[in-house]
Amino acid sequence: MNVFNHYRSEIEDIIKELTEEGVLQPGLSVSRISVEPPRDPVHGDISTNVAMVLAGPASLKPSDLAKDIAEKLENVDGISKVSIAGPGFINLHIELKIWQEQISEILFHGLRYGDTELGGGQEINIEYVSANPTGPMHVGHARGAVIGDVLSSLLEKAGFNVTREFYVNDAGVQVDVLARSAYLRYRQCLGEDIGEIPDGLYPGEYLVAVGNEIVDEHGDIFLGSAEADWLPIFRDIATSRMLELIREDLALLGIQHQVFRSEQTLHDHDSITQVVSELEDRDLVYWGVLEPPKGQTPDDWEQREQYLFRSTVFGDDIDRPLKKSDGTWTYFAADIAYHLDKFRRGFSEMIDVWGADHKGYIKRLQAAVEATTDGNGLLDVCICNLVNLLENGEPIRMSKRAGNFVTLRDVVDQVGKDAVRFMMLTRSNEAPLDFDLKQVLEQSRDNPLFYVQYAHARACSVLRNTEIKLPGLSVDDSSLKKADVALLNDAAELDLIKLLAGWPRLIETAATAREPHRIPFYLNEVAAAFHGLWNKGNENLSLRFLITDNTELSKARLALVRAAALVIASGLTVMGVEPLREMR
């Protein structure tokens, strides 16, 4: 049971009663009502703003409405005390048995505890990573990869039907540069001294393998031939090989996309032309001249007539070009077609995970989605800020093999998948992140992954030790569900229980806000409460988890220990991190 949702339902029932009694008029919206833990636990277990939200539309004083609601709440099962604070907040104290019963709920559902029907099976497309297929992934890609993947898992746990998608940018200038870089390595593999890599080409040694592959397949037939003859072939081979590299790098992080969508197919199928034609029919494109950028005009600014999309009609700052000066489509035009393609595949809600350098691109694409879907499509964008890779506080040197960046593979090889995934979520996605290779390997509280993993391993250790200290006591979940949880009444035990009972609410709030970083913050709180309870047992023998002369109390505490392990494991599973049973 989600305790907070349960009492929200009770409050909504009271609102219906007050409506039937004529105190409130029909049709009042309850969407802005919050039912959540108060900032200060002294005020109770649950606080609600229901009276302040509804008083205005009902032409009542919040304090008067709060009294009417509080009077009815006093008769609701499980509520031990109701009080009114400030301008009309209603605070509820919940009976201990309600919290204690959550232990059995957790043991019954196991890792599924926290699953919710919030999403109602709604289809959501989450596009993330979408790195240019021009080389192996670098550590900067890892953040967007992890955030997109964990956000997908979070929304799945919240009841959405998620499709993980990778948009392959296999059209345009960058893949032609890749092809020319591969051709240079092809010449090298045939024995030619290529000297220094020219500016403008990709210098990474990973392209040597591509050159060798082409030599093995085609020999020297392209040597000395015109670029027009070899460029399309080298582009296709190099792009395919780079996409394989990217898939391999993502697999190192435990990431698999369900869909890889090619940009080139949009061009091949005239999808862009068709979409622009539809916009033309609605008078949403025109030939016009844009004003120069605000502030200092760049030296290369050219005031010329351009083919423009009326994005300002849909909230953008300026209208946006659809064609380049050479008459080819802009990336924006291709992105319009791509997102309409997503919508027509059944995704009315789309989430894109982008790097910080794309923040200024949000308004125009949201405008395009609104225009092309007649307002029926919704695009949400999650921006991931920069990752500063450090070791002992010093910036990491670039990778020679990659050419000009540190590869994701190098980092995973050094610290492991779980460390990368966990640490990429230790800050809000819009905040810069310092990733120190030494810190993530430390076995101390300063390393949040270790601290959470240690709590899970410690809980598993307690359960294993039962066989030694209390032989014959069964600690499987079905047995522990029958424990007398009413024996759990120490303040530290109750604090931990309340934290664990908050997991379903955390899933819903994090999913609604699209903020997966809330999960490691929550797990750190749970770990701290669990370690704190362990330490109290060291100081006071009567609070130990295993009391050899009190089997019933031990069983109740083991039920709590197992519940803590399950919630931590559930959270780590959403994050794609393995819950360790032992620390080595």
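How much space lies in the second largest pocket? About 740 Å³, in a model that is predicted, where local features need pLDDT of at least 70, side-chain atom pairs count only at pLDDT 80 or more, and totals for chains, interfaces and linings use all residues. Residues are numbered from 1 along each chain as its sequence is written, and side-chain values use heavy atoms, with hydrogens and water left out.

Let us stay with that pocket for a moment. A pocket here is an open set of points on a 1 Å grid over the protein atoms alone, where a 1.4 Å probe fits and protein lies on both sides within 12 Å along at least five of seven lines; lining residues have an atom within 4 Å of a point. The volume is the space filled by probe spheres set on the points, which are joined across faces, edges and corners. Of the 20 residues that line the second largest pocket, Phe4, Pro37, Lys498, Leu499 and Glu525 lie nearest its centre. Helices H17 (491-501), H18 (503-513) and H19 (518-539) each supply at least two lining residues, and H19 gives the most, with five. Helices (H or I, at least four residues) and strands (E, at least two) are DSSP runs, numbered from the N terminus. Domain 1 (3-94) and domain 4 (444-575) each contribute at least three residues to this lining; the domain bounds come from an automatic or database domain assignment.

Now turn to the largest pocket, which holds about 1,000 Å³ of space. Its lining has 38 residues, and Val129, His141, Gly355, Asp357 and His358 are the ones nearest the centre. At least two lining residues come from each of helix H5 (139-157), helix H11 (331-344), strand S11 (349-355) and strand S13 (387-391). H5 gives the most, with five residues.

Next come the aromatic rings. The whole structure has 19 aromatic pairs, where rings of Phe, Tyr and Trp (its six-membered ring) pair if their centres lie within 6.5 Å, and planes under 30 degrees apart count as stacked, over 60 as edge-to-face and the rest as tilted. One of them joins Trp287 and Tyr307, with ring centres 5.0 Å apart and planes at 40°, so this pair is tilted. The two residues are 20 apart in the chain, Trp287 in strand S8 (residues 285-289) and Tyr307 in strand S9 (residues 305-309). Trp287 is exposed, with a relative accessible area of 52%, whereas Tyr307 is buried at 7%; buried means under 20%, exposed over 50% and partly exposed in between, with a 1.4 Å probe and protein chains only. Phe332 and Tyr361 have ring centres 6.1 Å apart and planes at 85°, so their pair is edge-to-face. This pair links helix H11 with the loop between S11 and H12, 29 residues apart, and both partners are buried.

The charged end of Arg514 sits over the ring of Phe160, 5.8 Å from the centre. For this, NZ of Lys or CZ of Arg must be within 6 Å of the ring centre and within 35 degrees of the ring normal.

Finally, look at the backbone. Most residues other than glycine have a negative phi. Asp270 has a positive phi of about 55°, in the loop between helix H9 (263-268) and helix H10 (271-281). Asp374 also has a positive phi of about 55°, in the loop between helix H12 (362-372) and strand S12 (378-384).
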